[in-house]
Every structure is written in C-alpha cells, then in structure tokens.
Amino acid sequence: MRLTSGWRRFLILLPLVCFLPYFFSVRELHQSRTSTDLRANKSKKFDHLVLGLPAGQGLPNRLQCQGTKALNKTHFSISSHVSSSGDNIAFVTVFTIYNSSLNDRSDDKSSNLVVIGNTSYNKEEKSMAILNTFISFIQATMPRSNVVILTDTASDLSINRNGVTVYPIQGEYSRDKLMLQRIKSYIAFLEARLQEFSQRPGDINHYIFTDSDIAVVGDLGHIFRDFPNFHLALTFRNNKDQPLNSGFIAVRGTADGILRAKIFLQEVLKVYKSKYIKASRMLGDQLALAWVVKSLPSFDSRRFSKAKAFQEDVDGASVLFLPCAIYNWTPPEGAGQFHGMPLDVKVVHFKGSRKRLMLESWNFFSSFSDISDMLCLVLCSGRTKYDF
C-alpha cells in the first residue's frame, strides 16, 4: 500500500514538475515585455500636449498648480513688465536656414508636417516658428528691448518685425560647427559694438546672448541694476561635468564690460579649439566655459551646489554667476534637480525635444494672458518628450 501511495503522489506531481519550467519562461518573457514597454513609453515622443503631475507641489517659494491653473503667482505682472534698468537691452541669438527656401513646400507630405493649434509647419517653418515665438515672448515681457539675430551672410533670412535686426556675420554655420561658430559670432558682434561705443560713448546698450529656444517670462533688466559691478554673467547648475550652460550670457554694455566679455570669450574659444574640438556640434562650448572657470586655482566649485548668485574675478573679468533655476530653468530639470519652478523664474529654456511645448505655451499665453497659468502648463508637461 505504501508503494502504491508513493506512485500516486509521484503521478500527481509529475504534471506540475513538467509545467514549472514553462511557467517561469512565460513569466520571464512577460517581465521582459513589460520592461520593454515601459522603456518604449518613456522614450516615446508625442505629437500633442501631455500633462502630468507638476513637480514642487507643497514646497515653499515654488509655483503651486491645479492643472493649468496657478494657485499662487510668479513674481511678475503684466502691468510691471517694463524694464527697470534704465538702459537699453538687446537680446542676441544665432540663427540660420539650411539649404532650402522657406517658400519651398515640396516636402509637405503628411509625415513631414507637424500641427500645432490650427497651424501646420514643415521643417523650415518649425524653425521659424520657434524663432518668432522667442521674439514674441521677449516683446511681451520686455517690450522696450530689441532683438538681434546673428546669421550667415549667405542666408536669406528675413524678419519683418519691429525691434528686430538681422545681423549677418561671415562664418561656417554648418550643423556640425554651429556651436563653435556661435562663439566666433558673439566675439565679432562684441568687436563691432566696441567700435560703435568709441563713436557714441554715452549710449549704453546691455546685451543678453541666448539660445533661440528660450522664453523670457520675467524682466531681466534688474540684473544690470542689482549687480552693478559685473562685466558678464553666466548661468550655473549643480552639475559636476557641465556646471555652466552657454544658452544665457549677459554682457554689460559699457566699454569695459564689452571688452572684458570679448577677451573672456576669446579664451573660451581658444580652449574650445584646443581641447574640445571633437565636440564642436554640441556641448563643446559648455565644456570650454567650465574649463576656463574651474581652472582658476582660487575658484571653489562647491558654490555651484547652491542656487545663489555670486561674483568671481576670472582673468580680469568680473563674472556674475546666476542660478539656472531662475535664469535658465529647464522643464525636465524642474521635475528633478530644481524641485519644481521657483516663483521668481525669469527664463524657461525648452531644450531638447520640447520645442512643441514652447509653441503650445505661447498659444496658451496668447489666449489667456496669464504668465503663471502658462508656467503651470509648462510644469505639468515638462517631463514629456515631444516630436520636436
């Protein structure tokens, strides 16, 4: 009887023993597919607005949102958006068109068009829409300022807007050399301003060099008033390898300020070409900036860990370091490093795959004229990657 009972148990367990390997293989396959799906969703780029939970909720001095409605307000109001610096300010950016006319619609297939609101854009029109949105934000928040667009002498770029000047500068504006050329163009522009200043020494024009994918959402004129002794200003973040972002450089419009800024950028260019030329398409300028600053024996890099402005002498130039969290805020970092959006944010930088969000944000602001509500839209959507 015992022998029979043992065989019965064996026969009962036999299907289970045979099934277990199949069960675990299916489970592993399911887990593999799940992780793959999660990675795919995380890397997916959307062609429409996607809103999530806003970062920084409950934290002091951070924008609080309920959807796209701001529960508190940023330190900005439409009635007080006139620059308080007392001097003229010009925003300077580099922009070029690559080998095609804006009027050429030959590539207007459905796969090449993007739609935002009621408007569709081809590849070139997308770039122009970003540039025009960049200008529109500046004119909305700092209407007395001007915009200067540095471009290739061979470019047929034309902008018919008040307060906007297209300034051709000879150079190599190919995509793989654009970041290198940008510094060269900045230097050439400052050299020309020095010559003008010698002829009209009483005219003070401050300059803010930026990427064209930024939105100015607060008055920046206070920088030149509140920090009266700097020659140029850079933005920093708590990033060991790339603590400085080249997308925002302010230059005081005095003869000394322009000269010191030019000499500083010439040193950055020298380091760029000697140490980081392989990164001429992207990041080389930021690596060169960091090298010039951090190579000073007296410089304390630990100051980059606190979002507080400070000044430092760098080879004869008084450099003001401004926190990115306020002067170069970026949506994905706002969900992490910056812990939400500070109430005194001045510049939003739509880096990477967030150009759609920049255009959508302007459409939102144009409809509702509320900066804080628009910033809630940005904050809720900042973790999303878009199709451009």
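Among the elements around the largest pocket, helix 2 makes the biggest contribution to the lining, with 6 residues. Before we look around, one note on the model: it is a predicted one, in which local features need pLDDT of at least 70 and side-chain atom pairs count only at pLDDT 80 or more, while totals for chains, interfaces and linings use all residues. Residues are numbered from 1 along each chain as its sequence is written, and side-chain values use heavy atoms, with hydrogens and water left out. Helices (H or I, at least four residues) and strands (E, at least two) are DSSP runs numbered from the N terminus.

Let us stay with the largest pocket. Its space comes to about 1,500 Å³. A pocket here is an open set of points on a 1 Å grid over the protein atoms alone, with protein on both sides within 12 Å along at least five of seven lines, and lining residues have an atom within 4 Å of a point. Grid points are joined across faces, edges and corners, and a volume is the space filled by probe spheres set on the points. The lining of the largest pocket holds 42 residues, and those nearest the centre are Leu-178, Met-179, Asp-213, Met-282 and Lys-355. Two or more lining residues come from each of strand 3 (88–94), helix 2 (123–141), helix 3, strand 11 and helix 6. By class, this lining has 13 nonpolar, 14 polar and 15 charged residues. In this scheme Ala, Val, Leu, Ile, Met, Phe, Trp, Tyr, Cys and Pro count as nonpolar, Asp, Glu, Lys and Arg as charged, and the others, Gly among them, as polar.

Next comes the second largest pocket, with about 320 Å³ of space. Its lining has 15 residues, and Arg-193, Glu-196, Arg-200, Asn-205 and Tyr-207 lie nearest its centre. Strand 6 (146–151), strand 7 (164–168), helix 3 and strand 8 (205–210) each give two or more residues to this lining. Helix 3 gives the most, with 4 residues. The lining divides into 7 nonpolar, 4 polar and 4 charged residues.

A cavity is a set of points where a 1.4 Å probe fits but cannot get out, and a search of the whole structure finds 1 cavity of 30 Å³ or more. The volume of the largest cavity is about 50 Å³. Around it you will find Arg-182, Ile-183, Tyr-186, Ser-246, Ile-249, Leu-265, Val-268, Asp-285 and Leu-289. Helix 3 (178–199), strand 11 (244–251), helix 5 (255–275) and helix 6 (284–294) each supply at least two of the lining residues, and helix 3 gives the most, with 3 residues. This lining has 6 nonpolar, 1 polar and 2 charged residues.

Helix 5 and helix 6 also meet each other. Their axes come within 8 Å and cross at roughly 115 degrees; axes are lines fitted to C-alpha atoms, for helices over the stretch in contact, and angles run from 0 to 180 degrees between N-to-C directions. That makes helix 5 roughly perpendicular to helix 6, since angles under 35 degrees count as roughly parallel, over 145 as roughly antiparallel, 65 to 115 as roughly perpendicular and the rest as oblique. Helix 5 makes the contact through Phe-264, Glu-267, Val-268, Val-271, Tyr-272 and Lys-275, and helix 6 through Gly-284, Asp-285, Ala-288, Leu-289, Trp-291, Val-292 and Val-293. Contact means heavy atoms within 4.5 Å. The residues of this contact divide into 9 nonpolar, 1 polar and 3 charged.

Helix 2 can be followed onward to helix 9. The axes of these two helices come within 10 Å and cross at roughly 45 degrees, and helix 2 and helix 9 are therefore oblique to each other. In this contact, Ala-129, Ile-130, Thr-133, Phe-134, Ser-136, Phe-137 and Ala-140 of helix 2 meet Lys-355, Met-358, Leu-359, Ser-361, Trp-362 and Phe-365 of helix 9.

Helix 9 (residues 355–368) in turn packs with helix 10 (residues 371–381) at an angle of about 150 degrees, with their axes 9 Å apart. That makes helix 9 roughly antiparallel to helix 10. Leu-357, Glu-360, Ser-361, Phe-364 and Phe-365 of helix 9 make the contact with Ile-371, Asp-373, Met-374, Leu-377, Val-378 and Ser-381 of helix 10. By class, these residues are 7 nonpolar, 2 polar and 2 charged.
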